[in-house]
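Dear colleague,

I am passing on the structure below, together with some notes on what was found in it. Please read them with the model open beside you.

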Amino acid sequence: MINEKLSKIWYGGDYNPEQWDAATWAEDDRMFKLAGIDVATVNVFSWALIQPDETTYDFEALDATLDRLYKNGVYACLATSTGAHPAWMAKRYPDVLRVDKQGRKRKFGGRHNSCPNSPTYRKYSARLAAKLAERYKDHPGLLIWHVSNEYSGYCYCDNCAAAFRVWLRERYRSLDAVNRAWNTRFWGHTFYDWDEIVPPSELSEERGDNRSTFQGISLDYRRFQSDSLLECYKLEYDELKKATPDVPVTTNLMGFYPELDYFKWAKHMDVVSWDNYPAMDTPVSFTAMAHDLMRGLKSGQPFMLMEQTPSQQNWQPYNALKRPGIMRLWSYQAVAHGADTVMFFQLRRSIGACEKYHGAVIEHVGHEHTRVFRECAALGRELAHLGDAMLDARTPSKAAIVYDWENRWAVELSSGPSILLKYVDEVHKYYDALFRMNVQTDMISVEESLERYDLVIAPVMYMVKPGFAAKIEAFVKRGGTFVTTFFSGIVNENDLVTLGGYPGELRQVLGIWAEEIDALLPGQTNKIVMNGSVGPLSGEYEGSMLCDLIHLEGAEAVATYGEDFYAGMPAVTVNKFGAGEAWYVATSPDRAFLQGLLKHLCDKAGIAPALRDAPEGLEAAVREKDGKRFLFLLNHNKQAAAASLEGVWRDALSGETRQGEVDVPAHGVLILSKEA
Ligand code: GLA
Ligand code: ZN
């Protein structure tokens with residue numbers, strides 16, 4: 001459990017009383033009660049108020065807020081405020097200001113833009129965390145620490161350049177090793193002195209589209225900047241823990257946010273939390289995958305839904321309202337995938353600056369007679385009713401998809417073979433095929449143990465890190481099914497090609513050699529022609545984007561290409577290896593093919609879906625706790641959907657017994673439970 005002080009699904013969100021007066025606070029207290037709100041994330045952007053100058057700290061307003069909230073039954077998710085530095089600090093100590101990728105020194109403005117290697121920022125952010133921890137360590141309302149806010153962005157300033165050189169020395173020890181790792185003899189880039197190395201900005205190696213002429217340095221710069229921000233987080237974490245060793249600490253992550261290696265970050269977080277802002281046209285399977293990734297960061301430990309909008313965003317191009325029922329549906333989708341909290345940005349809509357048109361529990365009209373408030377209050381009542389029943393429940397999965405940020409960086413920095421290749425999209429294709437069958441999937445790191453899985457899929461595993469290939473071999477040998485795709489096994493962790501034939505270290509387990517890689521034009525396809533039938537697969541399918549030209553080295557061709565000069569060469573292969581199988585999908589296949597392939601592989605491995613034969617758009621997900629099984633049926637359709645249940649269940653909200661055919665209303669949710 002995240003914190004036993006509040007043993008139910010936490011309900012609340014970001015709250016900015018500093019933007020309001022006392023009369024409004026009284027209304028907040030009244031309306032929070034009406035909505036069943038029991039946690040408020042406070043102090044997210046109050047640094048300038050708490051520290052008006054270099055030596056003054058003023059906690060009076062925050063004292064009053066925490067006392068008032070606690071008196072009204074609302075706990076504090078207490079932020080450290082370091083997501084935006086004060087203006088006086090920027091003026092007096094310009095080292096806190098970042099230099100952007102174009103080489104421009106920033107001025108004061110915006111947020112989330114302090115240089116992570118600024119001595120001033122590090123000193124004052126850690127000091128503020130220490131002061132907050134000292135002041136509130138015994139406050140009964142303190143529930144959890146929220147460090148900074150949505151760490152993000154890179155800096156290219158001289159302090160970062162110097163720190164990068166130190167980071168490189170630690171990683172490589174010698175300049176020779178750096179030169180080798182980056183293959184600097186290419187284009188005459190050999191370095192003779194550490195000081196010759198400069199950040200790979202648009203003034204040096206990189207371009208506006210994030211491609212790089214030197215992937216080695218660009219990859220290391222991403223690692224370094226992710227580590228630098230993590231260092232800032234850790235400085236605060238350590239200060240908080242000194243005074244409050246038992247209060248959990250988190251920072252809000254952003255799902256598939258590209259710039260930080262969250263697997264590395266999560267090791268330093270007590271609980272993962274994240275902000276979920278899908279657009280109205282984001283596939284629901286993409287959101288589900290993001291939840292699963294956030295759960296996977298700490299090997300299946302439940303996470304916090306820290307932010308979502310009750311109605312609409314302000315920062316998307318078209319900020320559609322969440323239709324009636326959608327906020328509830330998406331909240332339970334998070335819970336179904338492992339969230340133990342449902343929290344919003346924001347509790348009250350502010351009146352000025354860029355978030356005044358961002359949805360809130362309390363709208364500008366100020367009273368509770370709004371659609372949004374009614375929906376929020378109804379959900380609040382349900383969450384109160386559910387109590388602690390499913391808190392800390394786990395999400396059992398036999399299938400896993402491997403995801404790796406460094407691999408993503410390397411793939412997307414790559415010059416060639418195709419700008420159409422987007423790592424996350426390829427991962428999502430495989431996830432979506434499992435999702436459509438309601439097969440629960442874990443999103444795991446390359447470091448995760450594979451022991452509990454029967455099916456492991458690693459789409460576009462371009463970068464194979466030390467130990468990964470051996471782990472896959474052992475997994476397949478003992479009977480596991482492994483699937484990987486085109487453009488896998490190409491490079492090592494430094495983005496240097498593994499010589500001797502693709503897919504490099506994965507060649508043996510896959511039993512193939514990929515001789516060449518063809519890139520197809522947008523809209524161009526090749527045919528995947530099945531050699532007979534495999535499960536539901538037979539006949540022809542389409543492949544696009546990239547086609548590996550492969551030779552069999554022990555594997556068997558399940559399908560071949562139907563067109564072009566490589567017609568007849570294998571397009572899909574399977575290699576029997578020990579007691580298991582390793583599959584290679586040499587092109588980016590259409591949905592029908594993937595659906596069929598994964599159906600076949602799940603059937604063969606005995607992986608059961610959470611619900612059999614569900615109609616399209618009816619999502620089913622399971623959590624388990626203390627011998628109890630919770631089945632969530634989430635209807636993403638605009639019309640009712642029927643599910644046929646196996647066994648007798650209890651409706652966790654109404655208490656009624658459910659069995660056989662049940663109807664889930666349009667955009668509705670059923671939460672069922674039974675003894676496992
Ligand atoms: C992020 C931030 C919040 C707010 C919301 C708006 O998630 O953490 O402070 O800006 O976006 O959607
Ligand atoms: Zn910097």
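**What was found**

E406 is buried, because its relative accessible area is 12%, which is under the 20% cut-off for that class. This model is a predicted one. E406 has its place in helix α13, which covers residues 405–413, and, if neighbours within four places in sequence are left aside, E406 is in contact with L219, R223, D261, M463 and K465.

Because C115 lies in the loop between α4 (87–92) and α5 (119–136), while C155 lies in the loop between β4 (142–146) and α6 (158–172), the pair ties together parts that are 40 residues apart in sequence. C115 and C155 are both buried.

Lastly, there is a pair of helices to look at: α10 (residues 284–296) and α14 (residues 423–436) pack at an angle of about 100°, their axes being 9 Å apart, and the two are therefore roughly perpendicular to each other. On the α10 side the contact involves V284, S285, F286, A288, M289 and D292, which meet V424, V427, H428, Y431, D432 and F435 of α14. By class, the residues of this contact comprise eight nonpolar, two polar and two charged.

Terms used:
Residues are numbered from 1 along each chain as its sequence is written. Chains are lettered from A and ligands numbered from 1 in the order in which they are written. This is a predicted model: local features need pLDDT of at least 70, side-chain atom pairs count only at pLDDT 80 or more; totals for chains, interfaces and linings use all residues. Side-chain values use heavy atoms; hydrogens and water are left out. Axes are lines fitted to C-alpha atoms, for helices over the stretch in contact, and angles run from 0 to 180 degrees between N-to-C directions. Helices (H or I, at least four residues) and strands (E, at least two) are DSSP runs, numbered from the N terminus. Angles under 35 degrees count as roughly parallel, over 145 as roughly antiparallel, 65 to 115 as roughly perpendicular and the rest as oblique. Contact means heavy atoms within 4.5 Å. Ala, Val, Leu, Ile, Met, Phe, Trp, Tyr, Cys and Pro count as nonpolar, Asp, Glu, Lys and Arg as charged, and the others, Gly among them, as polar. Buried means under 20% relative accessible area, exposed over 50%, partly exposed in between (1.4 Å probe, protein chains only).
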